[in-house]
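Morning, everyone. Please take a look at the structure on the screen, and then I'll walk you through it.

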Amino acid sequence: SINMDDIIREGNPTLRAMADEISLPIEKEWITLGEKMLEFLRNSQDPVKSEEMGLRGGVGIAAPQLDVSKRIIAVLVPNDDLENPASLIEEILYNPKIIAHSVQKACLKDGEGCLSVDREIQGFVVRYARITVQYTNKDGETKKIKLRGYEAIVVQHEIDHLNGVMFFDHINELEPFKLEKGVLVLE
Ligand SMILES: O=C(O)C[C@@H](Cc1ccccc1)[C@H](O)SCc1ccccc1
Ligand code: NI
């Protein structure tokens, strides 16, 4: 299974490359990789396994972070209410594309981090508040989902990795906590 040693860190040029589309039908190699990426996220969110394996918590991961310059991301955003532990979004997305988005922007109150960045970088990472994402799932079906809130932020963070964009590229250098009018701040 994937562990922190498999995750490349800033400075590795793969993190700044434009990742290649996956050709259809999706080859077995990419199905297997996607499943391993999702398993990593599950392990990273499991208190026992993450401790055993020394994993940083992850709600998303992109293939370039594994030095694979292909347009594959996995997301596992659990919902916080423990009543129905069914996760909010648990998906492997092949060739994800933002096909529509709100004018309104949003950011996380506490900023962002990255499994490929071993330093804290403070500041608001301003993103679209709501997005429509089109992608191919592991069964080769074309899907279209609408996201808002935290899961919209996570998916944008992961799609950025496919385009060689890091979260801190979005932070205002001179005023990291400057907020334009109307930007939603998510708790
Ligand atoms: O490096 C990655 O792509 C995985 C990031 C994704 C991410 C970070 C911040 C905001 C949105 C997405 C990791 O999930 S960062 C660690 C983490 C773990 C649990 C909750 C929030 C952030
Ligand atoms: Ni990241």
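Helices here are DSSP runs of H or I, at least four residues, and strands are runs of E, at least two, numbered from the N terminus. A word on the source: this is a predicted model, where local features need pLDDT of at least 70, side-chain atom pairs count only at pLDDT 80 or more, and totals for chains, interfaces and linings use all residues. Residues are numbered from 1 along each chain as written, chains are lettered from A and ligands numbered from 1 in written order, and side-chain values use heavy atoms, without hydrogens and water.

Now the polar contacts, pairs of N or O atoms within 3.5 Å. A backbone N or O atom of Val59 is 2.9 Å from a ligand 1 oxygen. For Gln65, a polar side-chain atom lies 3.0 Å from an oxygen of ligand 1.

Next, salt bridges: a side-chain nitrogen of Lys or Arg within 4 Å of a carboxyl oxygen of Asp or Glu. The count is 9. One of them joins Asp118 and Arg9, at 2.9 Å, N to O. Asp118 lies in the loop between β4 (105–108) and β5 (127–128), and Arg9 in the segment before α1 (28–44), so this pair ties together parts 109 residues apart in sequence.

How values were computed. Polar contact = N/O pair within 3.5 Å; in protein donor to acceptor, adjacent residues only side chain to side chain.
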